[in-house]
Amino acid sequence: MTTSQPMSAVSRTALAVAGVRALESARPQGLFNDPYAAAFVAASGEPQHPAASTTGPAGPGGRPEPASALAKALRFQTVIRTRFYDDHLLAAGCRQVVLLAAGLDTRAYRLSWPSGTRLYELDLPPVLEFKEGVLTGLAAVPRCERTALPADLLDPRWPDLLRGAGFDPAEPTAWLAEGLLVYLTAEQAAALLGAVGELSRPGSRLALERARTGTTALDDPSLAHITSLWRGGLGPDTANWLDGHGWSTETHPLDAVAARYGRPVTGPSHTGYLTAVRR
Ligand SMILES: C[S@@+](CC[C@H](N)C(=O)[O-])C[C@H]1O[C@@H](n2cnc3c(N)ncnc32)[C@H](O)[C@@H]1O
C-alpha cells in the first residue's frame, strides 16, 4: 500500500503530531477525526512516538512508566490546537488558505471547505514526498483545490514559489503556522512573519501558537529529539510583534479554549493560540 522511508529529525516532529492525531481520532468522543494519521505512523516504520503514547518508556521489569508531564502536556495541546485551528480556518471566510510547515496535516482532505477554496501546503521536500506517498496509496481525494509546495521557509524565495503556483496576494488569505515558530529563532520567525505580512491584503487571517510563558520543565529524555530543536520563535512577544507589524491580534489561552471543547485543564495553562486579522 505505502512505502516506508526514514524520517529526518525535523520531520519526526510532524510524525509525532500525526501520532497524537491518530490516538485522538480513535477516541469515541474525539475532538476531530483524522482518518489518515494512523497510516502516516504505520508507513513511517517508526515505533509509536513518546508524545503520542499514553504510557512512558519501559521501566525496570519491562513495565511501562506513566507518560511524563511534558508528554501529556504536548499531547493535550496538540489535540486542542488541531480542533481550534480546524474551527478557525473554516470560520475565517477566506477561499485562499496557506498552511506553513503543513507537515502531515490533512485538513485539505478532511474539512468541508467552501467551493472554490484553494489551499497551499508548504513544508520541506522529504516531508511532502512521504506525505504524498501515503495519501496516494490511500487514494485520498482533497475536498478543495490543494497544491503541495516543497519549500524551505527559511529561504526567502518561498513567496515566489507560492505566487508561481497561483497564490494571489490581492485575495484575503487564511494563514496557519501550526507547530512551526518554536523551531525558529526570533530573527527567523520575524523574517517569516514579515514575508507573510507582505503577502496579506487587509482582512487576511493568521493563526499560530502563543509562545509559552513561565518555564516548562523539558525533563523527558524520550522527547529530547523534539525539545532540543526548539529555538523559541518570537517568544511571549509574538502578539506585540504582530500588532506592531500590521495585524490586530487576539489571544486565546489554552485553558479557555480547552474548556470550550469540554476538556478542562487541571493545572496552570502557560500557552494557547493567537489569531490575527490584517489591518
Ligand atoms: C511539529 S511539525 C507541525 C506540522 C503541522 N503544522 C501540524 O501541526 O501537523 C513541524 C513542521 O515544520 C516543518 N519545518 C520545520 N522547519 C521548516 C522549514 N525551514 N521549512 C519548511 N518546513 C519546516 C517540519 O518539516 C515539520 O513538518
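A residue is buried if 20 or more other C-beta atoms lie within 10 Å of its own, exposed if 12 or fewer, and partly exposed in between, with C-beta atoms placed from the backbone. By that rule, buried residues make up 41% of the 279 residues in the protein. The model is predicted: local features need pLDDT of at least 70, side-chain atom pairs count only at pLDDT 80 or more, and totals for chains, interfaces and linings use all residues. Residue numbers start from 1 along each chain as its sequence is written.

**View 1. The whole protein.** The protein has ten helices and nine strands. These are DSSP runs, numbered from the N terminus: helices are H or I with at least four residues, strands E with at least two.

**View 2. The open sheet.** Seven strands line up as S5-S4-S3-S6-S7-S9-S8, with mixed pairing. Two strands pair if DSSP finds at least two bridges between them. Strand S5 (145-150) and strand S8 (247-253) stand at the edges; each has a single partner strand, so one side of each is left without a neighbour in the sheet. From one strand to the next, the twist averages 20 degrees. Axes are lines fitted to C-alpha atoms, for helices over the stretch in contact; angles run from 0 to 180 degrees between N-to-C directions.

**View 3. Strands S6 and S7, with helix H5.** Strand S6 (residues 173-177) and strand S7 (residues 205-210) run parallel, joined by four bridges. Leucine 176 stands opposite alanine 207 in S7. Helix H5 (residues 125-137) packs on the sheet, touching strand S4 (118-123) and S5. The direction of H5 makes about 140 degrees with that of S5. Two residues are in contact if their C-beta atoms, placed from the backbone, lie within 7 Å.

**View 4. Helix H3.** Why does the span of H3 (residues 69-91) agree with its length? At 1.5 Å a residue, its 23 residues should span 33 Å, and its end C-alpha atoms are 33 Å apart. The expected span is 1.5 Å times one less than the number of residues. Glycine 93 follows H3, with a positive phi near 75 degrees.

**View 5. Serine 25.** Serine 25 lies in helix H1. It counts as partly exposed because it has 18 C-beta neighbours inside 10 Å. Its C-alpha atom is separated by 7.1 Å from that of proline 35, ten residues apart along the chain. Not counting residues up to four places away in sequence, serine 25 touches Gly30, Phe32, Asn33, Asp34, Pro35 and Ala37.
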